[in-house]
Every structure is written in structure tokens, then in C-alpha cells.
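Reader: I would like a careful walk through one part of this model, with the cut-offs spelled out as you go.

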Amino acid sequence: MAADSRGVYGPRRRSASGVLRVASHALEARARPVTGDWVAVSDDPERRDPRKCYPRKTVLRRRAASTSATVQVVAANVDRFFIVTAAGRDLNLRRIERYLTAVWDGGAEPVVVLNKVDLVEDITPLRATLEAVALGVTILCVSASSGVGMAALAERVTPGVTIGFVGSSGVGKSTLINHLAGARAQETGALRGDGKGRHTTTRRELVVLPGGGVLIDTPGMREFGLLDDDGGLDTTFSDVAALAEACRFRDCQHGAEPGCAVQAALADGALDPARLRSYLALQREIAAAEARRVPAQAANTKRRWKTIHKAIRAHARIDPKRRG
């Protein structure tokens with residue numbers, strides 16, 4: 001389903017009069033459909049209200065802008081998300097890590113798309129920097145304007161698969177979608193004077209592709225706050241997670257604790273400090289969001305870490321290696 005600004009939705013089916021559209025208020029707020037949802041509706045042309053929203057196979061969520069812990073579902077039932085960034089100033093590794101964590105956590109497959117590669121002379125360094133943070137993830141280097149890499153992008157869009165596009169404003173998502181759709185499915189904007197694209201998509205949109213696939217576009221999101229973690233963080237930061245397995249303490253915070261394998265990797269140059277800072281920052285952000293949603297959890301977390309730190313101090317006092 002695709003949603004417009006009035007809370008009216010169009011599911012993935014058509015009637016004799018065109019795309020079927022239904023009002024969202026017929027379901028309870030917690031069960032209202034979002035873009036990508038499957039719903040059951042009445043065949044009565046006078047009553048198009050949804051009767052049921054089916055369980056979601058995948059879901060991409062974020063913390064709603066300007067709030068502390070409100071959940072906003074960006075899209076549902078997406079099989080593969082294209083995380084689009086652009087060669088040049090928009091390439092932000094910390095933002096890529098954030099998107100990867102959310103996509104993995106929601107159950108979909110991420111693919112990083114580096115767009116506008118025609119604007120740089122050598123993409124090898126850019127690709128290498130992406131490979132350092134998008135571990136085990138397919139990276140496609142494309143240019144919608146020149147056609148470079150577009151065939152490889154189209155190969156990832158297959159019949160029966162729902163594709164989602166996410167990324168900040170101006171990275172060229174709409175132009176890529178138009179290329180895949182073979183038509184002007186989305187409005188596009190010319191480059192600004194500083195070489196960046198213009199914000200054109202203002203709502204989430206579902207597009208049926210000629211080959212049978214389904215594509216969901218999302219507006220450029222300046223903020224993408226994380227809310228919870230169901231394994232997405234450790235999947236994105238599998239290098240840090242693997243090191244943490246060797247830490248002396250199971251709940252090591254990778255700071256000043258004795259026997260920290262992560263800190264040892266930093267010391268010998270095997271781990272990028274920026275990578276660890278990003279991991280810890282996202283970990284704190286998720287923990288804070290969870291605590292705000294469940295106030296009692298915040299108190300329990302505080303007590304748990306107080307116990308851990310007490311044990312660490314006691315260990316330091318009795319460790320023979322620390323005795324003079």
C-alpha cells in the first residue's frame with residue numbers, strides 16, 4: 001500500500017475503475033497500514049475500508065523526527081532495501097552504518113548503491129571506504145545519468161520481490177526509480193549550484209514495475225534515529241562483535257575494563273577508532289530509546305551496570321598481575 005498526506009492508502013490491487021483506495025481510519029491506530037502492507041478489504045464499491053492488516057514479513061522503523069521514542073514505520077514487507085548515497089560530499093559512513101543497522105534489524109536485505117559515480121575520476125577509494133563499513137553487503141556503483149552500473153542495479157529487481165529505496169535528499173533516488181520503471185514515475189530536480197541534488201520526493205510511494213517487481217520510494221530523511229536492536233547492530237558491526245567475543249567480561253563496555261579484546265585491537269591498529277565510536281554511540285542511542293519506552297528498564301539497566309563496575313573494581317584489586 002502507498003500512503004498520501006491525507007491518510008488514504010492504495011493497496012497493491014486494481015479494480016475496474018483503477019487503483020483501489022481505502023481510508024486508514026477504519027482500523028485501530030496500532031493496526032493502521034503503512035506503505036507496503038497487505039490488507040483485506042471489502043469488494044463492496046461503497047465500502048472500501050480495510051478489514052484486516054496482515055502480519056508483516058519485514059519492517060523498517062525509525063525514531064520519529066523531533067521525538068524521543070515515538071516509533072515511525074517507514075515501510076513494511078520490503079525484501080531488499082537499496083541504501084542510496086552519492087559520490088562526493090554526501091558520502092557519510094556513519095549514516096550508512098545507521099541505515100544498515102535498521103535494515104538488518106527489520107529483516108530485509110541491504111544493498112548499498114553509490115550513485116553519481118560519473119562525478120568522480122576514480123571510484124576505487126570510495127568503494128574501499130564503503131566496503132570497510134558495509135561488511136558482506138553488495139555494493140553497486142552506478143550513474144543514472146551516464147548509465148554506468150544500471151544493468152547491475154536492474155538485476156537486483158526481480159519479479160515477486162519488493163524493493164525499497166532509502167537515503168538522504170538529493171542522492172538521486174527518484175532518477176534511479178524512473179530508470180527502473182521505464183517512465184517518469186517520480187519527479188526529479190536538477191543539481192544545485194553546490195553539486196548536490198534537490199529534495200523532490202515528499203511522500204512514500206509504491207510503484208509497480210514493468211517486469212513484475214514492486215518498488216517503494218521514501219522521502220529523503222535528514223534524521224534516522226534508532227529505537228531497538230534485534231541483532232541488526234552486531235550484524236552491521238560484525239567486526240566489533242567478533243572482537244567482543246574474546247573480551248574477559250561478557251558485558252564489557254570496551255573502555256577501561258581489563259582484558260578488553262576490542263581495546264587491544266585498537267592498540268595494535270586492527271580496528272578503526274571511528275568504527276568503535278560509531279558502534280558505541282548507536283548502542284547508547286538504542287539503549288536510551290528503549291529505556292524511555294520502558295521507564296522501569298532504565299532503573300534496571302543502571303543497577304546492572306553498577307553491579308558490573310563493582311565486580312570490575314574487585315577484580316582489579318585481587319588480580320595478581322596488578323599486585324606490586
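Reader: What percentage of the contacts in the protein chain with a separation of 6 or more is accounted for by residues 24 or more positions apart? After that, please take a close look at where helix 1 and helix 8 come together.

Author: This is a predicted model, in which local features need pLDDT of at least 70 and side-chain atom pairs count only at pLDDT 80 or more, while totals for chains, interfaces and linings use all residues. Residues are numbered from 1 along each chain as its sequence is written, and side-chain values use heavy atoms, leaving out hydrogens and water.

To take your question, residues 24 or more positions apart supply 62% of the contacts in the protein chain that have a separation of 6 or more, where contact means heavy atoms within 4.5 Å. The chain has nine helices and 15 strands, both being DSSP runs numbered from the N terminus (helices H or I, at least four residues; strands E, at least two). Of its 324 residues, 45% count as buried (under 20% relative accessible area, with exposed over 50% and partly exposed in between, for a 1.4 Å probe and protein chains only).

Turning to the part you asked about, the axes of helix 1, residues 93-106, and helix 8, residues 273-293, come within 11 Å and cross at roughly 45 degrees (lines fitted to C-alpha atoms over the stretch in contact, with angles from 0 to 180 degrees between N-to-C directions). The two helices are therefore oblique to each other, as angles under 35 degrees count as roughly parallel, over 145 as roughly antiparallel, 65 to 115 as roughly perpendicular and the rest as oblique. The crossing of helix 1 and helix 8 is right-handed, that is, the near helix is turned clockwise from the far one by less than a right angle. On the helix 1 side the contact is made by Arg-94, Glu-97, Arg-98 and Thr-101, and helix 8 brings Ala-274, Arg-275, Ser-278, Leu-282 and Glu-285. By class, these residues comprise five charged, two polar and two nonpolar (Asp, Glu, Lys and Arg are charged; Ala, Val, Leu, Ile, Met, Phe, Trp, Tyr, Cys and Pro nonpolar; the others, Gly among them, polar).

Elsewhere in the chain, Ile-216 lies in strand 15, residues 214-217, and is buried at 0% relative accessibility. Glu-205 is 11 residues away from Ile-216 along the chain, yet their C-alpha atoms are separated by 5.5 Å. Leaving aside residues up to four places away in sequence, Ile-216 touches residues including Thr-35, Ala-75, Val-78, Ile-163, Phe-165 and Leu-206.
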